Amino acid sequence: MADVGSGAGALGALWGKSAERAGGKVNLLISHLLDTAAVAERIWDQLLAPSTKKTLDEVAGGPGHGRRFFAWLCAAHDCGKATPAFQFQWAPGAAAVRANGLGWHERTVANRKLRWRHELAGAYLLKRELREAKWAEQQVTWVWPLIAGHHGAFPDEGRTEPPRAGKGQLQGGADWAQAQTALFERFTLELGFTDLHEAQPAVVPSRATQLHLSGLIVMADWIASDKRYFEGVDQLADVSMTHARERAAKAWEKLRLRGGWGRLSAPGPEAFRARFGHDPRPSQQLVMDAARRMERPGLLLVEAPTGEGKTKAALIAAEILAARFGADGVFVGMPTQATSDPMFGQVRAWLTALRPDGDLASQVALLHGKRMFNKEWRSLTEGDDPEAPFAGIDEYGFCEDDDDFGPAVAAFKSASAPPVSRGPAEWFLGSKRGLLCPFVVGTIDQLLFAATRTRHVMLRMAGLVGKVVVLDEVHAADVYMSQFLVEGLRWLGQAGVPVVLLSATLPPAQREALTTAYLAGADSREEFTVNSLPQPTGYPAVTAAWMGPGRSGPRFHVASCASWRTDISVALDVLPEIIPAPRSDRATRDEARRSADESVVTLLHEQLTDGGCALVIRNTVDRAQSLYRALRAEFDDEVILLHGRLAVGARADRTERCLRLLGAPSQGALSRPSRLIVVATQLAEQSFDVDADLLVTDIAPIDLLLQRMGRLHRHDGRDRPPKLRRPRVFLTGTSGSDRGAAPRFLAASEGIYGRHLLLRTAAVIGQFTDKGERSWSLPGAVPSLVSSAYGDDDLLPREWAEEAAAARALWAENQRQRADNATRFLLTRRGDKEGRTLAGLHTVSLPGNGRDTDLDAVVRDGEPSAEVILVLHDGTTYRTLNGRALTVNGDVAEELLDDVLAGTVRLPSGAASEAAGTLGPLPGWLGHPRLRYTPAVVLDAHGEGALGEHGVRYDDELGLAVTLAHPRRW
């Protein structure tokens, strides 16, 4: 390398962390860079998946080269701090730098209009140094964005140039260039390279691999920025890679970070019984065989009826795929928070069976906003040590040296530290870091977040790469969410992540879209057409897809088998309602609802005379509450209400009670009642493992209707009342279609699902009849039913033609508009999906800091999340929703925190905007680490209050009711 002269001496003055942020003593810049490199070595040795190591070895030039190259990249991350633009910011450090002969024009450098952040400066210096070291331009081009983006956003190249108005002062002159070169030389030599040219990689990785690498660099930096473990080193003589490795080893031990199962052995034929206690069913064997046939990482799509055992098949397939392709853990994504909770327990049980002598089950993270109410999670994570193992990083995931977030850091440091857990390392549980845990169960939103153009998205993607990704009930993703799902599959396909998708069944178009997205990513193509994707000919079925070697194109394996259960004939009846005309007055709508409720009460009175358990699913909360009141008057305490506007504590308790009363016989199950009615909303549609003798449901699109039917006669061997021995479904929420007229549907149902799909569902119900009686043979008929409803053929009666055409046009335009609405938030824009580097990925990015709460509405196509905590006020003192006293200001003692949080409830959309504009935390919550950002709704002793112009009432039985000041009139 070039003679740097006095530049090497400047390394004893250039500071990386101020004394305030390094435990009271300045940390030299070269010390921080070597600390980060040493952490990177620990990440490589004890966290990275075998597949990731293999990929990085290939990038770096062959087996054994990846580790050192990865450490070098991490060391280079803060090289931009070796500039006047950074060094002037801390007066004591600036004085020491000036004393070593490196100066600047103070007014120019301090001009905020000329601000040049150190990550941008780092990219600029890196490009200069690598070009001088004769790196190939294609290697320079992909490496510099990793440095420019290590604070969470990838700029375009133009932003890395110093402002011209700075006239060279921001980057420094020749003396600064010598010091900067000396810095590169020092950490390069410390890592064992003979010179900077030798550090050059051999292969340009895919953009997905670059994003993964970027996330790992951020992780290494955040850990090395923790002043608890990396105190300042202010003497150059004390700086060495040996010393940095000692510090990193101690930090790693205290942080308790670890990977997953390492390299797995391929599970043999006996594995399924060993994991789950019984031999595989034919469909489960089908899935395992398909996983073994896949020649490269790819997409495995499993379609099978509810109760078939898809989850077990997916988990054993994950083992097979992990063993074959080097994955070190799993992410299991569920459609909702409620479905994530039982899956958390199932994954932990599977991991315990997989390695009985290990502790894999303790390393499973549960990722959703209500996990504190999951008893299994809390028992795993509560501890006694008050010392937090990840101080130094603020609660939003930003390093302390990020000048933009000083107030957030100060707030975090003032908060009481969480206890050390017995579960996953606490570091993994911070914002944006959860997916880095080796085993993760959460909502599918976690994957969708990784497909958004937001700050620190690289951390989310880094948490997915190196795992097997399992997504359950993918049919539940609507057209808006599907844009993020497709984008995520593209990135996972390019990264070589094996993905298992589960669904009761998929319309052929959706199956093709998901498969195409994954293969397009695997082939690094923006436009990709799957020619003649084989279609399953039976049910259950599997579709496996992967890219052949080289440019040989996609490979497929499609197979099907018979279900383990014999088809049953399900009878369908329509219980027609009076459907009010659009914009009817309140009296008309109220009368129609009373009539609808009474018809269901009469029906259940007739059907349950000999006992039995019925499930009633309504499409709206208001409708469920109204029916519950009517049923309680007839059946008293034999009725349970379950919906999304219950406070989370009550909702969790009721869900658990339903599962114990009506679920499969198991340890902890309660005796099945002689008679019970569960009134629920769409919460009962997905992964709600209850067995109903009778189903009453509002009409919904055919695939969702079949999901609801999956709760009917779910478990064999039940002794059911004589009237209910044949499974029967009563459809509500429709006028029926007598005399050839098109049926009318509830306005709310049309608002949720669209009239087009409801009309096609109604037509399918009319077509599939048996000797004049509506009946379906399930599950065998599921694929044909779904294909018919979602097909393009003209199955609607001629009398419906005009209405159907209008409904279809409106639906198509709505679908197009919603898909377009999502594209502006996707990680890559149209025309950029074949990009070769990360440069400019965040040129137009989402507002906010990319926290989960910011992104909920982004990926779910709704207004910003409006969750509040309900509290009571008796005139002098605040109380929790269950009546426990707080203080006059609402201060919360630790033993009352759970009671306060149990009052959390989500507001309906019509009132959500009021929460954002008018509500805030109670005065006593402002200093509380978990409540200071949480809005409260204060109710009087009778449970009544106001939300702006709207009336609010909470009833222990009914849940939240909001009386809108300006209700919609249908």
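A residue is called buried here when its relative accessible area is under 20%. Keep that cut-off in mind for this predicted model: Gln-607 has 16% relative accessibility, so Gln-607 counts as buried.

**Gln-607**
- You will find Gln-607 in helix H23, which covers residues 586–607.
- Setting aside residues up to four places away in sequence, Gln-607 touches Leu-694, Lys-723, Leu-724 and Phe-730.

**Helix H8**
- Helix H8 takes in residues 118–132, and at 1.5 Å a residue its 15 residues should span 21 Å; the end C-alpha atoms are 21 Å apart, in agreement with that figure.
- Most of H8 is covered, with 12 of its 15 residues buried.
- Among the buried residues of H8 are His-118, Glu-119, Ala-123, Tyr-124, Lys-127 and Leu-130.
- Packed against the buried residues of H8 are helix H4 (66–75), helix H5 (84–87), H9 and helix H10 (174–190).
- After H8 comes Lys-134, with a positive phi near 65 degrees.

**Ala-148**
- Ala-148 belongs to helix H9, residues 137–148.
- With a relative accessible area of 2%, Ala-148 is buried, since the cut-off is under 20%.
- Beyond its neighbours within four places in sequence, Ala-148 is in contact with Glu-119, Ala-123, Ala-153, Pro-155 and Thr-160.
- Two of those partners, Glu-119 and Ala-123, are buried residues of H8.
- Thr-160 lies 12 residues from Ala-148 in sequence, and their C-alpha atoms are 7.4 Å apart in space.

Methods. Residues are numbered from 1 along each chain as its sequence is written. This is a predicted model: local features need pLDDT of at least 70, side-chain atom pairs count only at pLDDT 80 or more; totals for chains, interfaces and linings use all residues. Side-chain values use heavy atoms; hydrogens and water are left out. Helices (H or I, at least four residues) and strands (E, at least two) are DSSP runs, numbered from the N terminus. Buried means under 20% relative accessible area, exposed over 50%, partly exposed in between (1.4 Å probe, protein chains only). Contact means heavy atoms within 4.5 Å. The expected span of a helix is 1.5 Å times one less than its number of residues.
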